[in-house]
Amino acid sequence: MALSFHTASRGLMKVAHHPSSSSRAAPCRSTFQRPHLLVRVSQLPSSSDIGELQHLNNLHNQRAASILSVDVQNDAGGPDYSVVQRNLALELVRVTEAAALAAGRWFGKGDKNAADQAAVDMMRKVLNSVAMDGIVVIGEGEKDEAPMLYCGERIGNGSMFPKVDIAVDPLDGTSLTSQGRNGAISVIAVAEQGALFDPGPCMYMEKLAVGPQTHTQVDPDSVSLDYSVRHNIKWVAKALDKPISDVTVLMLDRPRHADLIRQCRDAGARIRLISDGDVAGAIEVAKAGAPVDMMMGIGGTPEGVIAACALKCMGGHIQGRLWPRNEEERAAAVARGYDINKILLMDDLVRGDDVFFAATGVSDGDLLRGVRYYSGGASTNSIVMRCKSCTVRFIETYHKWSKPSVTNISLDDSDDSTVMNRRTNGNGSGSNTHPYGGATRGRGAGQRPPW
């Protein structure tokens with residue numbers, strides 16, 4: 001319905017309603033048309049009329065904004081795609097794909113630093129092509145420790161919007177990659193500015209992750225880091241309607257977990273140990289049909305925040321509690337105002353629902369398949385999530401080196417070539433050859449198969 005405003009002879013505003021075929025609402029969504037103001041200069045409306053007009057205009061803007069920012073479910077269920085919204089995760093997946101393609105070159109070559117550096121360089125290169133104003137909250141370290149993707153670095157193509165926090169792990173599983181083992185991934189999470197938890201000086205935390213809180217799965221209020229291991233396993237078994245002997249607990253294979261392993265076995269649960277890569281492990285507990293039911297133990301705080309972003313998109317739950325490694329780290333955390341004893345819930349680790357997550361497999365794992373290199377190209381397997389719509393996508397991508405692509409950017413032609421030239425080969429001697437092998441100049445340099 002179109003609204004037209006006419007001035008009456010006494011200077012009052014009257015609203016005329018004109019039915020319009022173009023304004024007919026689509027099912028489950030209203031269509032709004034901004035009011036047309038037809039006012040003669042000789043008879044301007046009074047101050048009260050102006051206030052009424054402003055009120056109507058504000059109502060229009062609020063209702064229009066709600067349509068653009070909220071996913072509307074139709075009567076039949078599922079998303080309404082009559083208004084297509086920007087899903088930043090679909091752009092971020094190219095970032096993780098590029099990092100995975102670069103890191104995959106070093107699979108099984110015994111040089112974890114080279115693998116990590118290749119992923120960092122390529123991830124930063126592609127991140128700077130994304131239209132956003134991002135700040136790295138969780139990255140490769142402090143500015144004086146990491147030349148790229150350091151905490152506090154501004155990332156994006158210079159756009160003023162959206163303003164976001166960024167958490168990255170260009171290669172989660174550096175040792176896995178260098179040793180030719182399964183489970184390495186490249187991962188990134190993005191949320192609105194100020195939403196991501198800053199680990200500060202505490203690089204480790206206790207973790208407890210469970211699956212989605214539906215009527216058939218785990219209620220996060222029933223499990224807690226304050227409860228005993230036996231209690232938590234018992235409630236997970238009850239929620240999943242299975243005996244305790246069938247519950248599988250995932251944790252990192254570390255000496256510090258010896259007592260935790262004993263408690264899980266005493267409770268009757270099964271245990272699955274992984275050498276690295278607890279981001280993918282945390283996601284596993286929320287995936288339908290996953291071989292694990294819960295994750296426990298001490299792991300990296302940055303990885304915990306990234307995992308929280310993924311689990312929030314999937315409907316899972318994670319708790320954390322900072323775990324200082326020594327008194328010096330504890331004192332530094334307390335001095336900066338951190339509560340060491342506080343249990344950090346999901347909304348403490350990542351606030352709001354404007355959360356995006358993307359990950360690409362580097363080597364084969366339960367969550368994702370690793371990079372496959374072919375003659376003239378490669379394929380990647382990725383997962384993409386968005387919290388607001390709760391969509392989870394698995395993407396299979398085929399890359400051709402001969403075609404223009406953001407994943408084929410030549411690093412030699414960039415401003416970061418000096419960073420690449422400082423790389424050394426596996427035996428520690430200096431080397432100015434391109435770290436990815438293949439051509440050293442032109443499109444796709446360093447991105448061609450090693451043969």
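Student: Which residues of strand E15 point the other way from Gly377, Ser379, Asn381, Ile383 and Met385?

Tutor: This is a predicted model: local features need pLDDT of at least 70, side-chain atom pairs count only at pLDDT 80 or more, and totals for chains, interfaces and linings use all residues. Residues are numbered from 1 along each chain as its sequence is written, and side-chain values use heavy atoms, leaving out hydrogens and water. In a regular strand the side chains alternate between the two faces of the sheet. Here the other way is taken by Ala378, Thr380, Ser382, Val384 and Arg386.

Student: How many residues of E15 are buried?

Tutor: Strands (E, at least two residues) and helices (H or I, at least four) are DSSP runs, numbered from the N terminus. Buried means under 20% relative accessible area, exposed over 50%, and partly exposed in between (1.4 Å probe, protein chains only). E15 covers residues 377-386 and is largely enclosed by the rest of the structure, because the buried count is 10 of the 10.

Student: Which residue in the turn between E15 and E16 has a positive phi?

Tutor: These two strands form a hairpin with four residues between them. In the E14 and E15 hairpin, with two residues between, glycine 376 has a positive phi of about 85 degrees. In the turn from E15 to E16, a positive phi of about 55 degrees belongs to cysteine 390.

Student: What is the bridge partner of alanine 378 in E16?

Tutor: Take other bridges of E15 as a guide. Tyrosine 374 has glycine 377 as its partner, and phenylalanine 357 has methionine 385. For alanine 378, the partner in E16 is histidine 399.

Student: Which side chain makes a polar contact with the side chain of serine 379?

Tutor: A polar contact is a pair of N or O atoms within 3.5 Å; within protein, one must be able to donate a hydrogen and the other to accept it, and residues adjacent in sequence count only if both atoms are side-chain atoms. Serine 379 lies in E15 and is buried, at 1% relative accessible area. At 3.1 Å, its side-chain partner is tyrosine 374.

Student: How far apart are the C-alpha atoms of alanine 359 and aspartate 169?

Tutor: Alanine 359 sits in E13 and is buried, with a relative accessible area of 0%. Leaving aside neighbours within four places in sequence, its contacts (heavy atoms within 4.5 Å) include Thr96, Ile185 and Asn381. Aspartate 169 is 190 residues away along the chain, yet the C-alpha separation is 9.5 Å.

Note on methods: Two strands pair if DSSP finds at least two bridges between them.
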